[in-house]
6 protein chains.
Amino acid sequence: MVYLTRKAEFSASHYYHNPEFTPEENQRIFGKCNNPHGHGHNYTLEVTVKGKVDQRSGFVVDLKELKEIMNREVIDAMDHRFLNKEVADFKDRIPTTENLAISIWLRLKSKLNLAELHRVRVYETPDLFVDYYGEA
Amino acid sequence: MVYLTRKAEFSASHYYHNPEFTPEENQRIFGKCNNPHGHGHNYTLEVTVKGKVDQRSGFVVDLKELKEIMNREVIDAMDHRFLNKEVADFKDRIPTTENLAISIWLRLKSKLNLAELHRVRVYETPDLFVDYYGEA
Amino acid sequence: MVYLTRKAEFSASHYYHNPEFTPEENQRIFGKCNNPHGHGHNYTLEVTVKGKVDQRSGFVVDLKELKEIMNREVIDAMDHRFLNKEVADFKDRIPTTENLAISIWLRLKSKLNLAELHRVRVYETPDLFVDYYGEA
Amino acid sequence: MVYLTRKAEFSASHYYHNPEFTPEENQRIFGKCNNPHGHGHNYTLEVTVKGKVDQRSGFVVDLKELKEIMNREVIDAMDHRFLNKEVADFKDRIPTTENLAISIWLRLKSKLNLAELHRVRVYETPDLFVDYYGEA
Amino acid sequence: MVYLTRKAEFSASHYYHNPEFTPEENQRIFGKCNNPHGHGHNYTLEVTVKGKVDQRSGFVVDLKELKEIMNREVIDAMDHRFLNKEVADFKDRIPTTENLAISIWLRLKSKLNLAELHRVRVYETPDLFVDYYGEA
Amino acid sequence: MVYLTRKAEFSASHYYHNPEFTPEENQRIFGKCNNPHGHGHNYTLEVTVKGKVDQRSGFVVDLKELKEIMNREVIDAMDHRFLNKEVADFKDRIPTTENLAISIWLRLKSKLNLAELHRVRVYETPDLFVDYYGEA
């Protein structure tokens, strides 16, 4: 049983705002992330799958397929996008790093038949990242 | 004569669009960067000053003052901003990495009395950066 | 249930010495780390908290509060300090990376009401780090 | 109970080929990694051990001994080698990152009496790594 | 006048051997790099061009074209290759990092009409790199 | 003519103090770096040499000799040392990053017969570095 992790990057913008909060609450809780024009990040995504090593190929997963799924389900949908306005996942959810990790997990979970999805890690900056393992 | 470089980071969003271009030209030249909703980056800024070492302090420049100038002139103005809409430098100039480096040079040049400004480097991503030395 | 990690850096010096060891033992076990003048590192600290995502804010933890606690309990106490001489935790314990991770865990554990402390990671250099999960 | 991780690097070459596959299968499954001349990587190895902290030394493991074991069992055997041709582990197993992590685990497991081996991580590139915990 | 740098990676293998040297000289001068099976690296390439910023696009160079030229002239030719055996540049020249930087400069120089080639930097490992500016 | 750069690391401690300053001046100018117990850093050193490529070896400089000189003249003298107290260069000069770069240049200049010393770069932290080219 091994765990294989592949990284990818995408650039997107977002802002934090809850319409149920007062303007003061939005400002206090979200600070400069509340700016409605948005701001952006170079996100780094790490996708970890686990499984047994196929003795014939030496692979736990076909890397080309894994890359295609990551590109199709995540990168193509989010790269160079304003997450709040252009990605349906964030129509009613704030695109924090926490929610982004959960959203990417859900996007990948059903498509990855090759191996078991183990972890999604999202770096918003080099100094801040979130891990999600599908735990309730 | 030594050269001292200090790094800082800021997160901003931008998009590329020239109103004098046709929509087709904008799309061909700028590709997915032409998306008007914008997308973003974690920019890394490197500011290099040159000068003689003060024999009494061992410093070429007071690091606290350098940091304050970088914060006041660049970070406070650009961090968590949509460059096209919120930073006056880009009212009529496209906020490419090239123009961003020139803009930051101009912002710092007049304020840095402590030492001579030598170079401004701006990373848009870890794989793409621009250097400007004030050369015409 | 998500895991959020925030990094911070601090610079400190230390040396390794056990007064119950003979000089030869101290030299053999600690090598050049036994130099009483001390030497130093740029330590990198990663603090991981776990918890449920607040549906209203999208946060597992208020990042400003987390940063304040990390600054107050760890960075302010240890940055630009000689750990053996100036940080009480190391009055009778050798400030190895192992003991530093445990010490930082204890400092944060009681203060973090916002979310559950999951892991403290301390890098002494980019090539050496220790993880502590509060396990006995 | 703490977990200590030490990194090391080595440079090696390899190629992927299964003599039981047809040439078409080898090409389809392994792509340009099937080139028999081989290609290479700067591998990064992370070895994690777990154990209790020795109260007298503050160490979970003697770092010099750990380094010697890593050098003797892994680096000396694999650095500047063509893995398929010069390392016996890969006589009949394809030197994928998965198999490399398992091989390194087996090489270290029996030699590490100092502390319990917890994890072997191998980076083939900065964007691809495998973890092995000795799980069947 | 700005300087724009773009990075790319490729993985290759090589060995160092001069047929005019005796075996002893080859061993003494090249050490473990003399192993004829070869060993490999993840090379990082930085290509720097200089030029004036086009006022209409904000670009010094079309990034897509630059990437295509780098891919066609360098990456496609060298990635996943044994440099001594499969890249004609090294038929009679030893593929040291020095010669690799010169070779990449020559490959790019004639193709880059978009802007002036300023520098080629090649990292063999994170701790060793060579710069070439086309100077005789 | 190529430029080759080799990196090395060392860990040291230092503090900033000028006995000709009043205590208030020392505190105002040097801040928390004035703490006489010292604090420390993982310094990264980059040494760049320039020269013609030897056609027979493909080298601009013998890397083993370069490494030996860097180890003997710099690393052995400064690693795990308190710079103010244990390195004679800083008996009467404050060990700022500026003075450290100049000191390392002087140590290497006379010993490097192999190739011309071009630049010494010293990183005190990943966010602060100094370059010295031997310019008066």
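The contact between chain A and chain B takes 20 residues from chain A and 20 residues from chain B, where contact means heavy atoms within 4.5 Å. The model described here is predicted, so that local features need pLDDT of at least 70 and side-chain atom pairs count only at pLDDT 80 or more, whereas totals for chains, interfaces and linings use all residues. Residues are numbered from 1 along each chain as its sequence is written, chains are lettered from A and ligands numbered from 1 in the order in which they are written, and side-chain values use heavy atoms, with hydrogens and water left out.

Between them, chain A and chain B bury about 1600 Å², 48% of it on carbon and sulfur atoms; buried area is the accessible area (1.4 Å probe) that two parts lose on being put together, summed over both. On the side of chain A, the residues that lose the most area to chain B are A:His37, A:Asn42 and A:His80, which together account for 37% of what that side buries.

Chain A can be laid on chain B by a turn of 180° with a shift of 0.0 Å along the axis, giving an RMSD of 0.0 Å, and this is the relation of a two-fold axis. In chain A, the C-alpha nearest that axis belongs to A:Gly40, at 1.6 Å from it. Copies are superposed by least squares on the C-alpha atoms of residues with pLDDT of at least 70 in both. Because 100% of the interface residues of chain A are also interface residues in chain B, the copies meet through the same surface.

Across the interface of chain A and chain B there are 2 salt bridges, a salt bridge being a side-chain nitrogen of Lys or Arg within 4 Å of a carboxyl oxygen of Asp or Glu. The side chains of A:Lys32 and B:Asp79 meet in a salt bridge, at 2.6 Å from N to O. There are also 19 residue pairs in polar contact between chain A and chain B, both residues at pLDDT 80 or more; a polar contact is a pair of N or O atoms within 3.5 Å, where, within protein, one must be able to donate a hydrogen and the other to accept it, and residues adjacent in sequence count only if both atoms are side-chain atoms. β2(A) gives the most to the side of chain A that touches chain B, with 4 residues, and by class this side has 3 nonpolar, 11 polar and 6 charged residues. In this classification Ala, Val, Leu, Ile, Met, Phe, Trp, Tyr, Cys and Pro count as nonpolar, Asp, Glu, Lys and Arg as charged, and the others, Gly among them, as polar. Strands (E, at least two residues) and helices (H or I, at least four) are DSSP runs, numbered from the N terminus.

The contact here takes 21 residues from chain F and 19 residues from chain B, and the area buried is about 1800 Å², of which carbon and sulfur atoms give 53%. F:Glu98, F:Asp127 and F:Phe129 supply 29% of the area that chain F buries against chain B, more than any other three residues. Between chain F and chain B the count is 0 salt bridges, while 10 residue pairs are in polar contact, both at pLDDT 80 or more. The largest share of the side of chain F that touches chain B, 5 residues, comes from β5(F).
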